[in-house]
Amino acid sequence: MRSRRTAVAAVLLLGPLALAGCTSAQKGGGGGGASGAVSQGTNPLQNPDGTKPGLAPVSGDADKKAGRDLIAKVKTADAGPKTGYDRDQFGPPWTDNVDGVPLGHNNCGTRDDVLARDGQQVQHKDGSACTVTGMTIWDPYTGKTVQWTKQQASKIQIDHVMPLSYDWQQGAAQWDKAKRVQIANDPLNLIPADGSQNASKGDSGPATWLPANTAVHCSYAIRWAQVSLKYQLPVTPADKKTMLALCGG
């Protein structure tokens, strides 16, 4: 198994989860501990490249101030037209053929990479180091722990934190195709979450849609800021105002 996958397994995975037709889970210290509690992941301020699992709540005045300071750097612009937007403009869904982002060209699709990053007690298809078939995952958007199998694929979906249509309207329409493929497959911009939450979000910004779990609202705003700053994409003035308020501003 490649060293990148080994490192992910060592950090994330707790132990075996019995699922028919799957290999036994890889071993590791995923934060479940003897109590069986499931890790809520990583404070986004401690995860600037998106390679660590989850989206943990941000609490404490110091972290909230750090979040506001980061959000303050985000530029604003009114949304442009959606004219010409198509998902295909951002490349094939979950392609591994992406340059310049973590986990690209590791011979595993982006969706499986992100499920393995955030899941615990992860199971893979027999003979595959990539295809995730089952896991336990803490969903930051609902605050619930989910037992997921591939037969229930839509139960956990991969959310683009900054939606691709939103990106298009804020400037990605002028990018070359390679940069659009990057933002579509960058783990910094990807969170596995409840399917109904993902569907209800659509291409909304924080001013018009937020996760049901209020505990992660500041974390969610910080992640938006991280993606916005990395790709130099502005957000709407209303979205920036909301992002600051979510972290106490």
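Here are some worked exercises on the predicted model shown above.

Before you start: residues are numbered from 1 along each chain as its sequence is written, and side-chain values use heavy atoms, with hydrogens and water left out. Because this is a predicted model, local features need pLDDT of at least 70 and side-chain atom pairs count only at pLDDT 80 or more, while totals for chains, interfaces and linings use all residues.

**Exercise 1. Confidence**

Find the mean pLDDT of the protein and the residues over which pLDDT stays under 50.

Solution. 
- Step 1: pLDDT is the predictor's confidence in each residue, from 0 to 100. Its mean for the protein is 88, and 86% of the residues reach 70 or more.
- Step 2: Over residues 1-35, pLDDT stays under 50. For this stretch the model has 94 contacts beyond four places in sequence, a contact being heavy atoms within 4.5 Å.

**Exercise 2. The overall layout**

State how many helices and strands the protein has, and in what pattern they follow one another.

Solution. 
- Step 1: Count DSSP runs, numbered from the N terminus: helices are H or I with at least four residues, strands are E with at least two. The protein has eight helices and five strands.
- Step 2: Along the sequence, the pattern reads α-α-α-β-β-β-β-α-α-β-α-α-α.
- Step 3: Of the 249 residues, 51% count as buried. Buried means under 20% relative accessible area, exposed over 50%, and partly exposed in between (1.4 Å probe, protein chains only).

**Exercise 3. The inward side of a helix**

Identify the buried residues of α8 and the helices they pack against.

Solution. 
- Step 1: Helix α8 spans residues 237-246, and Asp239, Lys240, Met243 and Leu246 are buried there.
- Step 2: These residues lie on the same side of α8, because they cover an arc of only 125 degrees around the axis (taken from the directions from the helix axis to the C-beta atoms).
- Step 3: The buried residues of α8 pack against α2 (61-72), α4 (164-170) and α7.

**Exercise 4. A proline in a loop**

Locate proline 48 and list the residues it touches, leaving out those up to four places away in sequence.

Solution. 
- Step 1: Proline 48 is in the loop between α1 (3-12) and α2.
- Step 2: With a relative accessible area of 59%, proline 48 is exposed.
- Step 3: Proline 48 touches Leu188 and Gln226. Proline 48 and leucine 188 are 140 residues apart in sequence, yet 7.5 Å apart in space, C-alpha to C-alpha.
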